Amino acid sequence: MSAPPAIRVEGVRKVFATGGREVVALDGIDLEVAAGEFVCLLGPSGCGKSTLLNAVAGFSPPTAGRILAGGREVTSPGPDRAMVFQEYALFPWMTVAQNVAFGLEVKGRPAPEIRETVDSWLGKLNLLDFRDRFPKDLSGGMRQRVAIARVLAIDAPILLMDEPFGALDALTRRNLQEELLRIWAGSGKTVLFVTHGIEESIFLADRVVVMTYRPGAVKEVVPVTLPRPRDPSSSEFNALEKRVTALVMAEQARHERDERGAPAG
Ligand code: ADP
Ligand code: MG
């Protein structure tokens, strides 16, 4: 047989208990992501995307079911999986270069190698001129570039990205999407990318996993076979966008019916 999938999610259920109430955030999630594949998790806010990503990252274990990364069960965070958060999780007291170097220093890499790796990633993400600036002096788009450079510098085979471009304006977002695809294309890395943007998911992914809302489950998996770079104004792109929009809207309608039907409180 071929190599194990990069990520395998088996019957994952996640229940949060808060103040005597239980929230079933995920239920019966089965999902496989092949090595080198780019998969988007798509769904409205609150459907459990971050919960699933955090479970894959090993930050928060599932209540039931299990998750495998590279064929091994995930029980904690590991160097094979790197996370990019929506909020630029940069250290404000460190310069751009120091932020990118951080993960390599933790790994104990020698200083000349760290400098070379850091500058190489800063170059690829157009940040070299800003290497000695602090995060507060950068735009939102540049900060997110730094966050991406920092994760790529660690060179983990699996990238977990939680709405990383959600807070950016449309133009900056498109630039970063293109840069991410360019870097991913040559890398063999596996990407699990969370978004609530339908267009973004179709622009990026090999497959779009449309999630249901409460409990979060897989509603449908939509393969996107359009060649890259994709043209969002093409008729093929638009047809897919319509199809995915219909899925998301059907799910929203189902959810609203449930809410109305449910007893108050
Ligand atoms: P998404 O990322 O799709 O917006 P989340 O995974 O953040 O959704 O949340 C899914 C559901 O689980 C929501 O109803 C949310 O309120 C609940 N939830 C998430 N994290 C916690 C937590 N730590 N404690 C209690 N409930 C939580
Ligand atoms: Mg989230």
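**Figure 1. N126 in its loop.** N126 sits in the loop between α3 (111–124) and α4 (140–154). Helices here are DSSP runs of H or I with at least four residues, strands are runs of E with at least two, and both are numbered from the N terminus. This is a predicted model, in which local features need pLDDT of at least 70, side-chain atom pairs count only at pLDDT 80 or more, and totals for chains, interfaces and linings use all residues. Residues are numbered from 1 along each chain as its sequence is written, chains are lettered from A and ligands numbered from 1 in the order in which they are written, and side-chain values use heavy atoms, with hydrogens and water left out. The phi of N126 is near 55°, a positive value in a residue other than glycine. Most residues other than glycine have a negative phi. Is N126 buried or exposed? N126 counts as exposed, because its relative accessibility is 55%. The cut-offs are under 20% relative accessible area for buried, over 50% for exposed, and partly exposed in between (1.4 Å probe, protein chains only).

**Figure 2. E179 and the residues it touches.** E179 belongs to helix α5 (residues 170–185). With a relative accessible area of 8%, E179 is buried. Which residues does E179 touch, not counting residues up to four places away in sequence? They are L125, N126 and R145. Contact means heavy atoms within 4.5 Å.

**Figure 3. The loop between β9 and β10.** R214 lies in the loop between β9 and β10. P215 is in that loop as well, between β9 (207–211) and β10. A cis peptide bond joins R214 and P215, with omega about 0°. Most peptide bonds are trans. R214 is not a glycine, yet its phi is positive, at about 45°. The relative accessible area of R214 is 45%, so R214 is partly exposed.

**Figure 4. The cis bond at P229.** Which residues does this cis peptide bond join? It joins R228 and P229, and omega is about 0°. P229 is in the loop between β10 and α7 (235–261).

**Figure 5. E220 in strand β10.** Strand β10 covers residues 218–223, and E220 is part of it. E220 counts as partly exposed, because its relative accessibility is 31%. Leave aside the neighbours within four places in sequence. E220 is then in contact with V208, V209, V210, R243 and L247. How far apart are E220 and V209 in space, C-alpha to C-alpha? The distance is 6.1 Å, although the two are 11 residues apart in sequence.

**Figure 6. E32 in strand β2.** E32 is located in strand β2 (residues 21–33). At 37% relative accessibility, E32 is partly exposed. Apart from neighbours within four places in sequence, the contacts of E32 are P5, I7, R8, E37 and R207. E32 and S235 are 203 residues apart along the chain. Their C-alpha atoms are separated by 29 Å.

Figure 7. A disulfide is a pair of cysteine sulfur atoms within 2.5 Å. How many disulfides does this rule give? The count is zero. C40 is buried, at 0% relative accessibility. C47 is also buried, with a relative accessibility of 0%.

**Figure 8. The whole chain, for context.** The protein chain has seven helices and 10 strands. Its radius of gyration is 19 Å, close to the 18 Å that the globule rule gives for 265 residues, so the chain is as compact as a globular protein of that length. This radius is taken over C-alpha atoms, and the rule is 2.2 Å times the number of residues to the power 0.38. The C-alpha trace spans about 60 × 45 × 45 Å along its principal axes. Of the 265 residues, 46% count as buried. Among contacts with a separation of 6 or more, 68% come from residues 24 or more positions apart.
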